[in-house]
Amino acid sequence: MEGAGGSPGPRPRPPPRGPFFACRCFHTDNIFLEDFRLHVRSTDPQLESVLRSKGCKTEEQFRKVQAKIDEEVQRRKLLHQKSLERRNIISACYKPLNPDVYVLQESFLAPEFREVVAYCRSEDADFEGLLDHIHSLPAERVYSIPVFTEEFCGLLIGELENFEQSEMPKGRPNTMNNYGVLLNELGFDETFITPLREDYLQPITSLLYPDYGGCCLDSHKVFVVKYAVNQDRDLSFHYDNAEVTLNVSLGKDFSEGNLYFGDMRQVPMNERECVEIEHRVSYGLLHRGQHCHGALPISSGERWNLIVWMRSSPVRNELCPMCNRKPELVEASGFGDGFTSELPDVWQEHQETVSVCTLC
């Protein structure tokens, strides 16, 4: 297949790597307490004093919070088993509204996006040249680029609304978003997201984020989040469990709800300054996963966002981004959280590029 501008189309993809694992900290760390806008660790010996400093004063209040934490820990321990069960039911019973959207086609991609990818695949592509093709935003190393056509965004939202209105079992995207869809459970992974990551996004991230594993993003987690006035209206300040994140605004009609970016998570909270960024429909924002960010409240309408957390096993195998320790591997389904038991030979050449030392 010929790509944009007559450039070679996507190269043959290597066989799937893995198996992939999660880090044991997933069961205990970064549990979001919405009432306090706070992430906590269930095993933290200072947990009670931290909660009391945030307004949890009575024993009854503390018991209720502890019950929520215990419930979330149990949910996480069963997550991969339950996710597989949901996926099997959906695969057997769900009737898609538009089956075509499950298979990535170049016609879904914005012409500008295809041109950027064609440039990145060319022999003379470099970082400075890429900056002439994309939008650099006020937040450091955050970039904007049209990704999909608006027509495709509408088709995808229609499919997601059809699934949302069905009686199929549904999982939460994460602890911070109550409304949305896990696209791997719906069947998008193999035929849509994996080719999007490997054939189209990685040529771009290789130039933008070589020091964050951008040249060897070998797994992902993808979900769609939904914001509405009577549902989730905003998103608290946080960082992602990813090396590189793509956030695409799919629509629909909404007002306000801009994103804001601070600094990398290693920067002390009292030293962070935030930059507000408008997110246009069909455009994607590319940023480092550990770059702290959030979403301001929408004031009307609905907003759907496609979130692609891209992971690099050579990076995270050295240091789990969520607990800052050498990962303690536990079994997981699918891509897990992107950890592997050993560094695949195909990535050995990239070890120096993605050395954890470059992240400090």
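Q: Is His220 buried or exposed?
A: His220 is buried, because its relative accessible area is 4% and the cut-off for buried is under 20%. Keep in mind that this is a predicted model.

Q: Where does His220 sit?
A: His220 is in strand S7.

Q: And what is His220 in contact with, leaving aside neighbours within four places in sequence?
A: Asp189, Ile193, Thr194, Arg197, Trp309, Met310, Arg311 and Phe335.

Q: Take Asp189. How many residues apart are Asp189 and His220 along the chain?
A: They are 31 residues apart in sequence. Their C-alpha atoms are separated by 9.1 Å.

Q: OK, zoom out. How many helices and strands are in the chain?
A: The chain has nine helices and 17 strands.

Q: What share of the residues is buried?
A: Of the 360 residues in the chain, 53% are buried.

Q: And what share of the contacts with a separation of 6 or more comes from residues 24 or more positions apart?
A: Such residues account for 79% of those contacts.

Q: Now the cores. Which residues touch the most other members of the largest nonpolar core?
A: Phe113, Phe148, Ile204 and Leu250 do. That core has 54 residues.

Q: Which elements give two or more residues to this core?
A: The helices are H4, H6 (150–164), H7 (183–186) and H8. The strands are S5 (143–146), S7 (219–228), S9 (244–251) and S15 (298–311).

Q: Which one gives the most?
A: H8, with eight residues.

Q: What about Leu250? Which residues is it in contact with, again leaving aside neighbours within four places?
A: Leu250 contacts Phe148, Cys153, Leu156, Ile157, Val224, Val281, Trp304, Asn305 and Leu306.

Q: And the second core, what does it include?
A: It is separate and has 18 residues, among them Met176, Tyr227, Phe261 and Trp309.

Q: Back to the helices. How do the axes of H4 and H8 cross?
A: H4 (residues 111–121) and H8 (residues 189–208) have axes that come within 9 Å and cross at roughly 60°. That makes H4 oblique to H8.

Q: Left-handed or right-handed?
A: The crossing of H4 and H8 is left-handed.

Q: Which residues meet there?
A: From H4, Phe113, Val116, Val117, Cys120 and Arg121. From H8, Asp199, Tyr200, Leu201, Pro203, Ile204 and Leu207.

Q: How does the contact of H4 with H8 split by class?
A: Nine residues are nonpolar, none are polar and two are charged.

Q: Switching to backbone geometry. Where is the cis peptide bond?
A: A cis peptide bond joins Gly251 and Lys252, with omega about 5°. Lys252 is in the loop between S9 and strand S10 (254–256).

Q: What is the phi of Glu256?
A: Glu256 has a positive phi of about 60°, although it is not a glycine. Glu256 lies in strand S10.

Q: Is Glu256 buried or exposed?
A: Glu256 is exposed, as its relative accessible area is 58%.

Q: And Asn324, what is its phi?
A: Phi of Asn324 is positive too, near 60°. Asn324 sits in the loop between helix H9 (313–316) and strand S16 (329–331).

Q: How accessible is Asn324?
A: Asn324 counts as partly exposed, at 44% relative accessibility.

Definitions and conventions
Residues are numbered from 1 along each chain as its sequence is written. This is a predicted model: local features need pLDDT of at least 70, side-chain atom pairs count only at pLDDT 80 or more; totals for chains, interfaces and linings use all residues. Side-chain values use heavy atoms; hydrogens and water are left out. Axes are lines fitted to C-alpha atoms, for helices over the stretch in contact, and angles run from 0 to 180 degrees between N-to-C directions. Helices (H or I, at least four residues) and strands (E, at least two) are DSSP runs, numbered from the N terminus. Angles under 35 degrees count as roughly parallel, over 145 as roughly antiparallel, 65 to 115 as roughly perpendicular and the rest as oblique. A crossing is left-handed if the near helix is turned anticlockwise from the far one by less than a right angle, and right-handed if clockwise. Contact means heavy atoms within 4.5 Å. Ala, Val, Leu, Ile, Met, Phe, Trp, Tyr, Cys and Pro count as nonpolar, Asp, Glu, Lys and Arg as charged, and the others, Gly among them, as polar. A nonpolar core is a set of buried Ala, Val, Leu, Ile, Met, Phe, Trp, Tyr and Cys residues joined through side-chain atoms within 4.5 Å. Buried means under 20% relative accessible area, exposed over 50%, partly exposed in between (1.4 Å probe, protein chains only).
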